[in-house]
Each structure stands twice: as C-alpha cells, then as structure tokens.
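Visitor: Please pick one part of this model and take me through it closely. I would like its surroundings as well.

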Amino acid sequence: MAFDIRRFIGRFVEEARDHLGKLTEGIETLTRQPGDRDAINALFRSAHTLKGSSRMLKLLTISDTAHRLEDVLGALREGKISFDAELGQLMFRALDTLSALVNGTADGTELPAPDEALCTALTAAASGQVKVIPEVAPPPAESPAIPVKESLRTATTVRLPLAKLDEL
C-alpha cells in the first residue's frame, strides 16, 4: 500500500498554523526582550518541527524556508548572532512567507519555488550579515499541487492546554 500524504495535509496545516502563531509570539517577545533564552529555544523548536513535518510531506518550499529560519534561530541560540530590529523584520518576513505557503497548501494550490531573496537573506543573517530585502511578489507556481479533499480543509479537532479545559 502506497503512502498517501493527502491524508495528513489537514493535520499538517493545523499544526503548522499553531507553530506559526508560536513563532510570531516568540519574535514579539524577542522584540521586547532580545536575550530571552526561553523564547529563543521555543522559537527554534517550532521552526524545527515545521521544517521536519513539511519535509516529511514533501512540501519542500515550506521545508526549505523553515530550514533557513531554523538556521537563524540556531545561530541566535548558540550566541553567534544577536537579535535586533533588522533581524526581527527579516524573521517576520519569513513568517509571512511561511504563512502564505501553509494557507496555499490548505487551499490545495500549487506551491511556488522558494523565495530565493528571502532564503539568501536568512542564510546571510545566520552568519551574522543581516540584509534587508525588498518586498517582491511571489514567483509563479511551479510544483504540482496536491489535491486536498474538502473534508481536510476544516479542523476536526481542537488543541488546548489541559489547564484551560479544566477552567472551562
């Protein structure tokens, strides 16, 4: 029996959106507290999970972009670079791109090739050379779309902490 990744797309999208939310919150925390080690570690874990789960489903544009973001967070984690406003802007740009890619996956649209300017800027940032990149329109889609069944487009589960459930 062949592995049918379409069965897992809905779950991936739910989890990816959760991780993107955590990444957004974490970057906002770093904006206020640039040296927050817990925030940096949590950001790294979310980027790593997003990279791995997208790679497992062969969503390579998402995986490549998340991998570059993970490299930046790894450099932050190891103290090779420091967080500043310029790096924050670049990281938010990466999140915007990842969010658009995840939303496209949820809608069943084709994923474009990775944004080379963004990936290059993230690679440079991981080595300590932050570059501001201009906003550009995403390139045309090139990879084949993975059809998503209508039933996978809406969440069938809700994730929340047990403490919140006890509260309710």
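Guide: What follows is a close look at helix H3, with its setting and neighbours. This is a predicted model: local features need pLDDT of at least 70, side-chain atom pairs count only at pLDDT 80 or more, and totals for chains, interfaces and linings use all residues. Residues are numbered from 1 along each chain as its sequence is written, and side-chain values use heavy atoms, with hydrogens and water left out.

Start with the setting. The protein has 6 helices and 0 strands (DSSP runs numbered from the N terminus: helices are H or I, at least four residues; strands are E, at least two). From the N terminus on, the order is α-α-α-α-α-α. The protein has 168 residues, and 39% of them count as buried (buried is under 20% relative accessible area, exposed is over 50%, partly exposed is in between, with a 1.4 Å probe and protein chains only). Take the contacts between residues at least 6 apart in sequence: 74% of these join residues at least 24 apart (a contact means heavy atoms within 4.5 Å).

Lys58 sits in the loop between helix H2 (37-56) and H3. Its phi is near 65°, a positive value in a residue other than glycine. Most residues other than glycine have a negative phi. Lys58 counts as exposed because its relative accessible area is 64%.

Next, H3 itself. The helix covers residues 60-77. It has 18 residues and reaches 25 Å from its first C-alpha to its last. That is close to the 26 Å expected at 1.5 Å a residue (the expected span is 1.5 Å times one less than the number of residues). Buried residues in H3 include Thr61, Ile62, Ser63, Thr65, Ala66 and Leu69. Further along, Glu70, Val72, Leu73, Gly74, Ala75 and Leu76 are buried too. What covers the buried residues of H3 includes H1, H2, H4 and H5. Just after H3, Gly79 takes a positive phi of about 75°.

H3 and helix H5 (residues 116-126) pack at an angle of about 15°, with their axes 8 Å apart (axes are lines fitted to C-alpha atoms, for helices over the stretch in contact, and angles run from 0 to 180 degrees between N-to-C directions). That angle makes H3 roughly parallel to H5 (under 35 degrees is roughly parallel, over 145 roughly antiparallel, 65 to 115 roughly perpendicular, and the rest oblique). From H3, Thr65, Arg68, Leu69, Asp71, Val72 and Ala75 take part in the meeting. From H5 come Leu118, Cys119, Thr120, Leu122, Thr123, Ala125 and Ala126.

H4 runs over residues 85-107, and its 23 residues should span 33 Å at 1.5 Å a residue. Its end C-alpha atoms are 33 Å apart, which agrees. Just after H4, Gly108 takes a positive phi of about 80°. Leu90 lies in H4. It counts as buried because its relative accessibility is 4%. The C-alpha atoms of Leu90 and Leu122 are separated by 7.4 Å, though the two are 32 residues apart along the chain. Leu122 is one of the H5 residues that meet H3.

Thr29 lies in H1 (residues 6-32). Thr29 is buried, with a relative accessible area of 17%. Leaving out residues up to four places away in sequence, Thr29 touches Asp36 and Ala39.
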